[in-house]
Amino acid sequence: MSILSIGLYYISISLGYLYRMMRIIISSAVLPSVLILLWNKQNKLATCLSPPLGFICSIISWLLTAKYVFGKIDIESTGSDLSMLVGNLVALFSPIVFIPLFKIKLIDDDLPNPNKVTIEDIERGINYIKENSRYVRLLAIGIVICLTIIWPWPLYVHQNTTVIKKQRSCSNFDFEFLNILTLFGKFYYRMIFSYYFPFIIPFFYWNVLELQSISIGWQSTIILSNNGLEFVPIDEEALLLFKINTSSIQSCTKICHSTVHCRIFDYDDQTDRCRIFEGDIITMGSIVISSFSHSYVGLIQLDSEHFIHHGRSCSFCEGSRYLICINSTCQCQANTFFNGLICQSQKFVGAKCNNVKECRLDRNYTCLPRKQCGPTSLQNGITVGGYGNGTAGNDLTALNYPWGIGIGIDESIYVSDYNNNRVIKLQEGSLVGTTIAGTGIAGNSAGQLKIPLDLFVDSSSNIYVVDNDNYRVMLWRKNATVGIKVAGSGSQGSTASTFREPNGITVDSMGNVYVSDFTTHRVMKWAVNATFGTMVAGTGVSGNSTDQVYQPAGLYFDEIKSYLYIADASNHRIQRYYLGSTINITTVAGGYGLGTGNQQLNTPYSVCVSKKTGDIYIADTFNNRIQRWSPGATSGVTIVGSGGLGSNSTMLNAPRGIALNYNETYLYVTDYNNHRVQRFKLI
């Protein structure tokens, strides 16, 4: 420091020159510092970049003024009042130009997927700030020590020594020393509050949000999203606690913090709308782009430490916002359940579950047998075909052992009526059917059927019917009165042109017909106008090896992926054949032998696959239930039926056929021994 002082003295740079030059250097930070305190739209980018850009402009202006006015740049010209004034003014007001150039936001744009911000993305930014805030605090403390103690210390020592030696008057001493301390006071003020303050404020701001608390048990961490985002709950009526108008995002944050059930909030500073929600961001909704450009989403971050006293005596959760005393123990708050780590929000209709506590009990939801939350009424089927009282008949409101089923593009229901030797069509909302294939009397003419089993309805409302005891497949075009034979010879056999016991059917968009031949243990493909078929699955011999089938029944063809699904009835499994350049076979459900376990099946007669999810629906016929297997699963869940046969609205008796409607909101089942068709709502 002494060497620097001597050097400055010999080049004629006075302390006054340095002081005025310091204004040029640091004045560009004054306006950004004030704005970050008083204007909640000021962002870190503008705060950090405006001062250095203003500094560059002020230095250039200062030197150019000295050159233009005095014709040279030296100590005298740069130290003139005019040069210093220009430099100071440019430094002070240049941020007015630079700040608007930066996009106004609350935090940086470095979070991916701005249309859907995840907690992990936001946490990463907050953790970075928290880690570096320690260094900023240490830097600020160090600067304070340097500028208030270490740097002025020689003045204290020198002044006191001078007083002792020269015994100067108290008034002279006070005046001179006051001037020196005032000089350092101004310097200290500008250095700390004009230059370092803009960098400290962002960290201070986040830490205030993090640390505001009433007690240890009420402590919470608030994290904020980018601007231009809002929260969309899956059920606003259930999750919105209240909304209120408030003056700032900080006020909205405090309201959420003081509301015990608040976990999510969003705020729009154009309308001052503050919405307070319960629930969690993972399962209760999502963050999406808002129509309001200055809308923000805030989350209370949950941590396992908040719930370490779960299950302990109530003395451990006094004053906690996360746990409540119930029956002398610390339990989760209303509408939440303990998942082993934290109290998570209870779930709504359709969400996956393992036990009843996971579902919204206040709405009378339970964990259904299908392992989804919902009301128990979802297990009740609605009769859409047949008498519905367990009896058979032959009029147009009756069925007699219904087998196959298909749903038309207009939601019409097509049912093969096994013992009535006909196919009837039922319109939505009516139990009175129309005969569209067969006469009701067994026969082998083009207009008759004999023991119709499975059927298929194409997008043009043409129907293909497996005419079992006539050993053929018949095509009834829309509004036709007679059928056309498209597969089989009409005589029983096991050759390429005959069937012994045709059972299941599916048709691709080219009109190729796939038929399972139950007792020859094979699946045949018949091209349009072909007189014989080709074997695409099975060997013609019963067996349980991968390439064999044993009494194959229902079929489903996923044409996009070239997957043929086969209900391999007596092997109690569902086989998937890839019908590409090479045959690839996979067991996708069952395969663990006959049984009632969730991983087992008992003589499945029908299969269909969701086009939306890839879930496999199976008529588990002699377990009297419908099973759903997710892709890659090793066990299924029961969608319909309790496993025991019955005739009430929740039970089945040997279901044969299943079908999904086009938007997959309903599952239709032919309840064979109850002589009815049941419809069940899917979620």
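Let's start with Cys332 and Cys343, which are joined by a disulfide with an S to S distance of 2.0 Å. What we have on screen is a predicted model, so please keep that in mind as we go. For anyone who would like a reminder, a disulfide is a covalent bond between the sulfur atoms of two cysteines.

Where do Cys332 and Cys343 sit in the chain? Cys332 belongs to strand S9, residues 329–332, and Cys343 to strand S11, residues 343–345, so the link ties together parts that lie 11 residues apart in sequence. The angle about the S-S bond is -80°, and that makes the link of Cys332 and Cys343 left-handed.

Are these two cysteines buried or exposed? Cys332 has a relative accessible area of 10%, so it counts as buried, because the cut-off is under 20%. Cys343 is buried as well, with 6% relative accessibility.

The link of Cys359 and Cys373 is left-handed, with -80° about the S-S bond. As for accessibility, Cys359 is buried at 0%, and Cys373 is buried at 0% too.

Next, please find Cys252 and Cys274. A disulfide joins them, S to S 2.0 Å. Which elements hold these two cysteines? Cys252 is in helix H12, residues 249–258, and Cys274 is in strand S5, residues 273–277, so to speak two distant parts of the chain, 22 residues apart. And which hand does this link have? The link of Cys252 and Cys274 is right-handed, with 80° about the S-S bond. Cys252 has 0% relative accessibility and counts as buried, and Cys274 is buried with a relative accessible area of 0%.

Two further cysteines are worth a look while the model is up. Cys57 is partly exposed, because its relative accessible area of 28% is not under the 20% that buried requires. Cys608, on the other hand, is buried, at 7% relative accessibility.

Terms used
Residues numbered from 1 in each chain as written. Predicted model: local features only at pLDDT ≥ 70, side-chain atom pairs only at ≥ 80, totals over all residues. Heavy atoms only, no water. Disulfide = S-S within 2.5 Å. Helix = DSSP H or I, 4+ residues; strand = E, 2+ residues; numbered from the N terminus. Buried < 20%, exposed > 50% of the residue type's maximum accessible area, 1.4 Å probe, protein only.
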